[in-house]
Amino acid sequence: METGLKNKTVLITAASLGIGKAIAEAFASEGCNVAISSRSKDNLLSTAKEIKLKYDFEPFWSVCDLNKNKDIENTYTAVTEQFSSVDILVNNCGGPVTGMFQELDEKDWDNAYDQVLKSAVRLSKLVLPDMMRNHWGRILNITSISVKQPVDNLVLSNSLRAGLTGMAKSLSNEVAKYNITVNNVAPGMTLTRRLYELAVVEAKQKKKSHEEILVEMAKKVPMNRLGRPEEIASVVLFLASSQSSYVTGNTIQVDGGYIRSLY
Ligand code: NAD
């Protein structure tokens with residue numbers, strides 16, 4: 001499949017592990033100029049090294065805590081000094097803290113807002129002027145199946161990702177005339193550090209082992225297994241490619257059939 005992605009510049013945030021890292025690898029395999037960011041320099045260095053070994057291309061990296069506006073601005077400046085503009089922005093982030101409504105305080109809400117919604121707003125604002133000038137661009141947000149069906153004990157994720165989905169839909173309408181598409185990819189239960197951490201929390205509550213919880217999770221999926229980060233990445237790649245030129249304002253869930261509703 002011709003993707004039209006060679007030499008495009010892509011910035012992926014929270015990309016040192018899990019889904020973000022798999023997305024970075026997918027774009028590297030297409031010959032893109034890949035820029036990755038995350039909080040930990042050590043993790044970024046080891047991810048960049050791994051990608052270089054596999055694809056003979058060393059991604060550009062920049063330390064960026066998505067809760068800090070200065071980090072976001074510095075990362076955007078560093079990436080555009082290196083590659084001139086960002087063609088594809090993948091707004092990925094760490095998952096917000098778990099908890100039920102009554103357990104969370106205002107600071108938790110503020111942090112989750114900064115991390116999930118405001119970081120995507122800030123980065124989208126920074127990349128849009130160049131995308132509009134170039135009359136081409138892709139903005140992709142990694143959300144969650146919680147936008148279709150809220151997940152127990154994850155009220156912050158359930159609330160903020162729904163907000164991000166609303167923002168993306170509005171933005172997609174505003175920028176469609178510039179040939180810029182805005183879409184969301186909603187992962188189902190995907191085997192990464194995040195899912196492991198969620199399994200540990202649930203295991204404590206249910207007095208079971210986290211291994212048992214992971215098996216129970218997989219049993220809830222019609223495909224009878226958990227997802228792999230690469231399976232999320234390949235849908236992101238499609239939505240960034242020239243093959244998806246008429247797809248915008250959408251959420252595509254990648255969940256092995258977990259969500260049972262029609263839409
Ligand atoms: P992960 O925990 O494996 O990786 C998260 C990445 O985010 C890491 O690189 C981490 O360093 C980075 N990160 C965390 N906080 C950050 C911050 N403040 N600033 C910058 N980087 C930060 O998680 P994952 O499973 O790859 O998930 C990626 C996203 O997809 C998360 O938002 C998660 O909630 C969501 N999601 C995951 C699943 C799943 O089952 N794994 C399901 C639905 C949604």
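Among contacts in the chain between residues at least 6 apart in sequence, what percentage join residues at least 24 apart? It's 73%, with a contact taken as heavy atoms within 4.5 Å.

Okay, quick ground rules before I go on. This is a predicted model, so local features need pLDDT of at least 70 and side-chain atom pairs count only at pLDDT 80 or more, while totals for chains, interfaces and linings use all residues. Residues are numbered from 1 along each chain as its sequence is written, and side-chain values use heavy atoms, with hydrogens and water left out.

Let's take the whole chain. You'll find eight helices and seven strands in it; those are DSSP runs, H or I of at least four residues for helices and E of at least two for strands, numbered from the N terminus. The radius of gyration is 18 Å, close to the 18 Å that the globule rule gives for 263 residues, so the chain is as compact as a globular protein of that length. That radius is over C-alpha atoms, and the rule is 2.2 Å times the number of residues to the power 0.38. The C-alpha trace spans about 55 × 40 × 40 Å along its principal axes.

On burial, 50% of the 263 residues count as buried. The cut-offs are under 20% relative accessible area for buried, over 50% for exposed, and partly exposed in between, with a 1.4 Å probe and protein chains only. The chain exposes about 12,900 Å², and carbon and sulfur atoms supply 52% of that. Areas are Shrake-Rupley with a 1.4 Å probe, and for residues only the protein chains shown count as cover.

Now the ligand. It has 28 residues around it, and the closest are I19, C93, R161, T190 and T192; the cut-off for being near is a heavy atom within 4 Å. By class, that shell has 10 nonpolar, 13 polar and five charged residues. Here nonpolar is Ala, Val, Leu, Ile, Met, Phe, Trp, Tyr, Cys and Pro, charged is Asp, Glu, Lys and Arg, and the others, Gly among them, are polar. Helices α1 (18-29) and α6 (193-206) each supply at least two shell residues, and α6 gives the most, with three.

For polar contacts, meaning N or O pairs within 3.5 Å, a ligand oxygen is 2.8 Å from a polar backbone atom of T190. There's also a ligand oxygen 3.3 Å from a polar backbone atom of G188, and one 3.2 Å from an N or O atom in the S38 side chain. The protein covers 95% of the 830 Å² of accessible area that the ligand has on its own.

A few single residues, then. E25 sits in helix α1 and is buried, at 13% relative accessible area. Leaving out residues up to four places away in sequence, E25 touches E50, I51, K54 and Y55. T75, in helix α3 (residues 69-83), is buried at 1%. With the sequence neighbours up to four places away left out again, T75 touches L11, S37, S62, V63 and C64.

Last, backbone angles. Most residues other than glycine have a negative phi. A14 has a positive one, near 50°; this residue lies in the loop between β1 (9-12) and α1, and counts as buried at 17%. N179 has a positive phi too, near 65°. You'll find N179 in the loop between α5 (155-175) and β6 (180-187), partly exposed at 32%.

Definitions and conventions. Polar contact = N/O pair within 3.5 Å; in protein donor to acceptor, adjacent residues only side chain to side chain.
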